[in-house]
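Biologist: Please take me through this model one feature at a time, giving the general idea before the particular case.

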Amino acid sequence: QVQLAESGGGLVQAGGSLRLSCAASGRTFSGYVLGWLRQAPGKEREFVAAVTWSSGSTTHADSVKGRFTVSRDYAKSTVFLQMNSLRPEDTAVYYCAARRGGRSWTAADYWGQGTQVTVPS
């Protein structure tokens, strides 16, 4: 059974930092991209950042470039999202997801349960 288990969310003041973790288990993820998406109240789910599992190459949404960094620990099958300089508009539920290369996130094969990040204004 494939599981993506997020942790690390919480409440942080504007300008602060959080580190999210996503422990992936149940299969090998060769050929997959693992990423983070978020959904704020009343808004569509949006892409944040992703890492290609095999190569480690990364991509980030423009809204988080320079503030957030995605990475992976291949040996521990864990993906991280380091979030710095947090803003109130970063408040959302953050989801870890895994999709096969070439597919869209709407067709992701696996999702975590989500972790809440709150940055009060």
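Predicted model: local features only at pLDDT ≥ 70, side-chain atom pairs only at ≥ 80, totals over all residues.

Biologist: How many bridges join E1 to E3, and in which order do the strands of the open sheet come?

Modeller: Two strands are called paired if DSSP finds at least two bridges between them. E1 and E3 run antiparallel and are joined by 5 bridges, and they belong to an open sheet of 4 strands in the order E1-E3-E8-E7, with antiparallel pairing. The edge strands, each pairing on one side only, are strand E1 (3-7) and E7. Direction ignored, neighbouring strands of this sheet are turned by 15° against each other on average, where the axes are lines fitted to C-alpha atoms, for helices over the stretch in contact, and angles between N-to-C directions run from 0 to 180 degrees.

Biologist: What do E7 and E8 form, and how many residues lie between them?

Modeller: E7 and E8 form a hairpin with 4 residues between them, and Ser 77 in the turn has a positive phi of about 50°. The two strands run antiparallel and are joined by 6 bridges; Phe 68, for instance, has Met 83 in E8 as its bridge partner.

Biologist: Which residues have the most contacts inside the largest nonpolar core?

Modeller: A nonpolar core is a set of buried Ala, Val, Leu, Ile, Met, Phe, Trp, Tyr and Cys residues joined through side-chain atoms within 4.5 Å; buried means under 20% relative accessible area, exposed over 50%, and partly exposed in between (1.4 Å probe, protein chains only). Here the largest core has 29 residues, and those with the most contacts inside it are Trp 36, Leu 81, Met 83 and Tyr 94. The elements that give two or more residues to this core are strands E3 (18-25), E4 (32-39), E5 (46-52), E7 (68-73), E8 (78-83) and E9 (92-100). Apart from it lies another core, of 6 residues, among them Leu 37, Ala 50, Ala 97 and Ala 108.

Biologist: What is Leu 81 in contact with, leaving aside its neighbours within four places in sequence?

Modeller: Contact means heavy atoms within 4.5 Å. With those neighbours within four places left aside, the partners of Leu 81 include Leu 18, Leu 20, Trp 36, Val 48, Phe 68, Val 70 and Tyr 94.

Biologist: Is Leu 34 buried or exposed?

Modeller: Leu 34, which is found in strand E4, counts as buried because its relative accessible area is 0%. Not counting residues up to four places away in sequence, Leu 34 touches several residues, including Ala 24, Phe 29, Trp 53, Val 79 and Trp 105. The C-alpha atoms of Leu 34 and Ser 71 are separated by 9.7 Å, although the two residues are 37 residues apart along the chain.

Biologist: Is Arg 67 buried or exposed?

Modeller: Arg 67 lies in the loop between E6 and E7, and it counts as buried because its relative accessibility is 7%. Residues up to four places away not counted, Arg 67 touches Gln 82, Met 83, Asn 84, Ser 85, Leu 86, Arg 87 and Asp 90.

Biologist: Which parts does the pair of Cys 22 and Cys 96 tie together?

Modeller: A disulfide is a covalent bond between the sulfur atoms of two cysteines, assigned here when those atoms lie within 2.5 Å. The count comes to 1 disulfide, joining Cys 22 to Cys 96 with an S to S distance of 2.1 Å. Because Cys 22 lies in strand E3 and Cys 96 in strand E9, the pair ties together parts that are 74 residues apart in sequence. The link is left-handed, with -75° about the S-S bond, and both Cys 22 and Cys 96 are buried.

Biologist: How many helices and strands are there in the protein chain?

Modeller: There are 0 helices and 11 strands in the protein chain, and buried residues make up 42% of its 121 residues.

Key
Residues numbered from 1 in each chain as written. Heavy atoms only, no water.
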